[in-house]
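Please walk me through this structure in the viewer, stop by stop. At each stop, tell me what to select and what is found there.

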Amino acid sequence: MSDTLAASPLTRTVKRLIGVAASLLFTFIGLLFVTFIIARIVPIDPVLSILGDRATDAQIAAERLRLGLDEPLWKQFGIYVWQALQGDFGISIRTREPVIAEIARFFPATLELATLATIFGVALGVPAGVLAATKPGSWADQIVRLVGLMGYSMPVFWLGLMGLLLFYGVLGWVGGPGRLDAAYDMMFEFEVTQRSGMILIDTALAGRWDMFANAISHIILPAGLLGYLSMAYISRMTRSFMMNELGQEYITTARVKGMPERRVIWVHAMRNVMVPLITVVALSYASLLEGAVLTETIFGWPGLGSYITDALMANNMPAVMGGTIVVGMVYIGLNLLSDILYKLVDPRART
Amino acid sequence: MSLLSVKNLRVSFDTEAGLVEAVRGVSFELGRERLGIVGESGSGKTMTGRAVLRLIRPPGRIEADRMAFDGQDLMRATEREMRALRGPRIAMVMQDPKYSLNPVMKVGAQLMEGLRQRDRLSRMEAHDKAIAALEAVQIRDPGRVMEAYPHELSGGMGQRVMIAMMLIPNPDLLIADEPTSALDVTVQAEVLAILDGLVRNRGMGLIFISHDLRLVARFCDRVLVMYKGKVVEELAAQDLMQAKHPYTQGLLNCLPRIGGPRQPLPGLDRNADWAV
Ligand SMILES: Nc1ncnc2c1ncn2[C@@H]1O[C@H](COP(=O)(O)OP(=O)(O)O)[C@@H](O)[C@H]1O
Ligand SMILES: [Mg+2]
């Protein structure tokens with residue numbers, strides 16, 4: 001009886017989903033726990049950072065009570081978890097706005113930039129890595145290696161500044177700092193329905209192609225820069241994964257069958273390369289979603305990285321905690337996603 | 001006319017440690033018969049087999065005074081011409097199905113690949129042919145095996161799939177490189193019997209590579225004995241017991257005889273002079 005139940009695919013799927021949901025919940029609470037502890041450890045008094053240091057003792061006592069700071073720690077943590085689960089990360093000290101609302105404004109900027117950069121990185125890095133792996137030692141391999149090496153060794157801020165100077169300052173091919181020209185900034189605010197907060201998507205949905213083109217001209221340089229860095233990493237990893245696969249016996253089998261080299265590489269080897277490559281791409285994407293602080297600063301990009309950094313400088317703990325939680329959730333989400341993809345491409349990982 | 005003619009074949013690798021000469025002047029002729037190649041591990045058997053398909057990866061290099069298959073010069077053939085030979089004319093069963101089947105592709109897709117890509121058969125036709133090929137290697141549940149991934153198969157099953165896959169286009173020459181060495185002893189005989197039956201029925205040429213001299217003698221008409229990249233003796237299978245070369249005699253003596261007196265195995269006698 002129980003056997004037939006266990007064998008039913010529906011039950012299995014439901015069980016697996018429950019398992020995934022439970023592990024997500026636990027990871028999330030673990031994440032909250034860590035940020036909670038950090039907030040207790042840093043030498044910033046939450047009450048003083050809200051009231052300023054000229055507050056009276058009575059004011060301080062009242063605020064402590066309001067924030068629940070007199071409660072035992074476990075109860076404070078409970079309240080924190082309960083509020084976080086409802087999307088309440090507290091009030092930003094600087095703006096008096098809910099942290100979640102601020103993040104909802106800053107995160108899409110990072111998401112847009114990181115996604116575009118990752119698309120660049122994969123679209124260029126994977127073919128470059130494959131090319132290098134199939135002709136090791138050739139001039140193509142040398143060029144890929146050199147380009148990758150430059151991506152590793154050049155300081156980001158230097159590349160960013162030089163890029164701005166050349167393409168914006170001298171040539172005028174691209175837009176300057178910011179996500180849009182100042183004129184469009186207002187228009188975007190008032191004339192475009194913000195469905196995703198990502199300008200490229202929202203303007204496209206609204207059919208505002210003038211604004212879309214302007215957004216492209218602004219994002220292309222930072223996305224190109226981050227994409228270049230991500231390409232450097234992805235091409236190097238692809239090269240080494242591909243070299244490894246091309247040495248395997250099943251590759252010889254495919255050749256023995258008379259399959260053309262194109263198919264041997266892009267079908268037989270590539271499917272196997274994808275298994276480890278998924279993790280590499282997910283990690284690189286996650287690190288970009290964390291917010292590339294330097295790039296965001298240079299390009300005046302109002303993203304998560306500068307949000308968290310600014311909050312940190314201003315002792316704005318609720319904002320720092322909220323931002324950290326979002327970063328953590330990005331990692332959890334991408335981890336889950338790469339797990340799913342991993343199982344899709346590698347039958348051995350399915351159980 | 002001979003199917004395959006090899007004269008003075010050499011395979012060498014330019015490595016950092018210097019030039020490694022894996023095959024050093026091997027010559028043989030092969031008709032639609034069964035030729036065995038024996039020798040201890042590292043003697044150059046695999047490289048000889050792969051050189052025929054010109055499937056030795058850089059830094060490996062193939063040289064030969066002559067290497068011709070069915071009248072076609074293999075040394076001069078373009079890569080495109082070689083591809084046309086690989087599969088439908090010359091095929092190879094590799095040693096270990098655990099590594100020689102693509103781990104992330106379904107067995108069915110791997111079996112049908114040649115039919116779909118090269119012969120441009122429809123899915124249905126390719127599927128039917130693949131099923132028939134699996135039945136020919138005595139797989140009882142071909143439909144299920146088609147849907148399986150390689151890691152879900154046992155070694156014996158995997159090697160049958162390999163044999164089926166290589167025999168689908170009906171090649172004229174099959175190179176079997178230690179096709180049972182990676183298998184459990186219990187299934188070795190089964191797989192060998194299947195291979196033997198198919199090769200005999202279809203009248204194809206066979207190069208059977210093994211380190212097991214007796215096995216080779218049972219299977220083949222003729223045997224080449226290799227040592228350090230050279231052929232040290234060539235003899236008809238039935239003359240095996242009259243082998244003159246001390247290395248061949250050594251290989252013969254190395255094998256334990258089932259039911260024979262239990263003595264410690266004699267060490268293999270080697271002499272560098274044999275391979276100069
Ligand atoms: N990629 C390589 N680089 C250097 N030497 C190699 C390479 N591949 C094979 N060899 C050498 O070729 C010799 C013959 O190998 P092989 O034909 O596989 O032997 P066998 O199949 O008889 O065991 C071995 O001694 C090995 O060291
Ligand atoms: Mg071998």
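How many bridges join strand E10 of chain B to strand E11 of chain B, and do the two run parallel or antiparallel? Select residues 222-227 of chain B for E10 and residues 230-236 of chain B for E11: six bridges join the strands, which run antiparallel. The model is a predicted one.

Stay on this pair and pick Tyr227(B); its bridge partner in E11(B) is Lys230(B). E10(B) and E11(B) form a hairpin with two residues between them. In the turn, select Lys228(B), which has a positive phi of about 50 degrees.

**Aromatic pairs**

Over all chains, the structure holds seven aromatic pairs. Go to chain A and select Phe167(A) and Trp173(A): the ring centres are 5.9 Å apart and the planes are at 35 degrees, so this pair is tilted. Phe167(A) is partly exposed, at a relative accessible area of 27%, while Trp173(A) counts as exposed at 61%.

Next, select Phe208(B) and Phe219(B). These two form a stacked aromatic pair, with 5.1 Å from centre to centre and 5 degrees between the planes. The pair links distant parts of the chain: Phe208(B) is in strand E9 (residues 205-210) of chain B and Phe219(B) is in helix H9 (residues 213-219) of chain B, eleven residues apart.

Back in chain A, select Phe33(A), Phe36(A), Phe77(A) and Tyr80(A), which form one aromatic cluster.

**Ligand 1**

Now select ligand 1 and display the residues around it, among them Phe13(B), Thr15(B), Val20(B), Glu40(B) and Lys45(B).

- A polar backbone atom of Gly44(B) is 3.1 Å from an oxygen atom of ligand 1.
- For Thr46(B), a polar side-chain atom lies 2.6 Å from an oxygen atom of ligand 1.
- For Met47(B), a polar backbone atom is 2.9 Å from an oxygen atom of ligand 1.

Taken alone, ligand 1 exposes 570 Å², and the protein buries 65% of that. To see which elements give two or more residues to the shell, colour strand E1 (4-15), strand E2 (18-30) and helix H1 (45-52) of chain B. H1(B) gives the most, with three residues.

Finally, colour the shell around ligand 1 by residue type: four residues are nonpolar, six polar and two charged.

How values were computed: Residues are numbered from 1 along each chain as its sequence is written. Chains are lettered from A and ligands numbered from 1 in the order in which they are written. This is a predicted model: local features need pLDDT of at least 70, side-chain atom pairs count only at pLDDT 80 or more; totals for chains, interfaces and linings use all residues. Side-chain values use heavy atoms; hydrogens and water are left out. Two strands pair if DSSP finds at least two bridges between them. Helices (H or I, at least four residues) and strands (E, at least two) are DSSP runs, numbered from the N terminus. Rings of Phe, Tyr and Trp (its six-membered ring) pair if their centres lie within 6.5 Å; planes under 30 degrees apart count as stacked, over 60 as edge-to-face and the rest as tilted. Buried means under 20% relative accessible area, exposed over 50%, partly exposed in between (1.4 Å probe, protein chains only). A residue is near a molecule or strand if one of its heavy atoms lies within 4 Å of it. A polar contact is a pair of N or O atoms within 3.5 Å; within protein, one must be able to donate a hydrogen and the other to accept it, and residues adjacent in sequence count only if both atoms are side-chain atoms. Accessible areas come from the Shrake-Rupley method with a 1.4 Å probe; for residues, only the protein chains shown count as cover. Ala, Val, Leu, Ile, Met, Phe, Trp, Tyr, Cys and Pro count as nonpolar, Asp, Glu, Lys and Arg as charged, and the others, Gly among them, as polar.
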